[in-house]
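Hi,

Here is the structure for your files. My notes on the sheet and the helix packing follow.

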Amino acid sequence: MHEPATPRVTRLTGRDTLHLLVTDSGLGGLSVVADLERLGRESGRYRRLDLVFASALGETGQGYNKMPSRERKLAVFDDALAGMLRESGPDCLLVACNTLSVLIPESRVLAASPVPMIGIVELGVAAVAERLAARPDAVAVLFATETTIAAGAHREQLIARGVAAERIVPLPCPGLASRIELEGPSPGVAAEIARFARAAVARSGGAPIVAALACTHYGYCAAEFAAALAAAGARAAEVLDPNRRMSGLFFPPTPFTACAAPQVTVRVISRAIPLPGEIDSVAALVEPVSPPTAAALRAYELRRDLFPFAGLAG
């Protein structure tokens with residue numbers, strides 16, 4: 001069983017070299033890599049910081065949300081984890097994907113691995129619970145994919161933390177992640193976010209809104225979510241992006257001796273062949289934060305041998 005994230009990461013942040021593996025079923029998790037690269041480069045906290053983004057997607061167009069059963073999703077996820085852990089040999093694994101994070105408790109590979117692991121769901125839940133405790137009149141709106149909402153992990157974990165069920169508003173956003181990956185914050189994407197924001201306001205009962213972006217792709221459009229909620233008349237809305245919380249774990253506000261010339265490297269590896277439009281869109285999204293991450297995506301390493309994949313049904 002894995003330890004809680006905080007003590008696990010605290011030990012790693014005292015080192016001068018760090019090797020992190022970030023995975024996602026899409027390209028949303030690259031926002032975490034971009035932020036890690038920027039923080040490593042600007043702070044000098046680590047003498048050397050090596051970042052690897054490994055996609056857990058077996059084939060383009062055959063994502064986890066299309067698989068026929070939870071068992072199939074787990075089998076593919078475990079195969080992907082085994083391959084990327086063997087390839088990368090990281091100090092810590094970051095599952096920067098809500099769809100995959102809900103599978104973590106049942107992963108045989110993670111149960112047997114000594115590598116510390118952090119899932120985005122646990123971080124998002126912690127952030128929401130903290131804000132709801134500080135704002136007893138607010139409700140949490142969970143903006144997420146249909147699969148993540150159906151899994152119910154966020155709701156279950158929030159209730160386990162003492163949050164009343166009526167303060168949790170799950171709001172599925174069909175197709176939004178794919179559109180963001182292909183289009184970025186386009187007018188069409190902004191219109192979709194505005195539609196979901198209006199639905200959130202309608203379902204909030206007039207209460208202040210804590211908007212949880214429970215899909216890593218949505219973090220690319222956090223500003224658009226904030227603007228859309230304000231335009232929809234949301235009362236005292238705030239937007240929580242767990243992507244930033246994940247990267248921030250490795251740069252706590254504790255004393256350290258900064259390295260004057262830190263070495264920060266980024267690799268992107270994938271078994272699937274990303275669509276050219278996805279590469280162009282996501283590279284443009286991360287480039288203002290981290291040009292090296294954008295460059296690594298454009299020069300991604302195609303590794304068809306990273307893990308076996310026999311299709312959606314296996």
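An open sheet is built from 6 strands in the order E4-E3-E1-E2-E9-E10, with parallel pairing. (Strands are DSSP E runs of at least two residues, helices are H or I runs of at least four, both numbered from the N terminus; strands pair if DSSP finds at least two bridges between them.) E4 (117–119) and E10 (301–302) are the edge strands, each with a single partner, so one side of each has no neighbour in the sheet.

This is a predicted model: local features need pLDDT of at least 70, side-chain atom pairs count only at pLDDT 80 or more, and totals for chains, interfaces and linings use all residues. Residues are numbered from 1 along each chain as its sequence is written, and side-chain values use heavy atoms, without hydrogens and water.

E1 (residues 17–24) pairs with E2 (residues 48–55) in the parallel sense over 8 bridges. His 19 sits opposite Asp 50 in E2.

**Helices**

H2 (residues 30–43) lies across E1, E2, E3 (92–95) and E9 (263–270). H2 runs at about 175 degrees to E2. (Axes are lines fitted to C-alpha atoms, for helices over the stretch in contact; angles run from 0 to 180 degrees between N-to-C directions.) H6 (residues 120–134) lies across E3 and E4, at about 55 degrees to E4.

The axes of H9 (residues 176–183) and H10 (residues 187–203) come within 10 Å and cross at roughly 155 degrees. H9 and H10 are therefore roughly antiparallel (over 145 degrees). Contact (heavy atoms within 4.5 Å) involves, among others, Ile 180 of H9 and Phe 196 of H10.

Best wishes

Notes:
Parallel < 35°, antiparallel > 145°, perpendicular 65-115°, else oblique.
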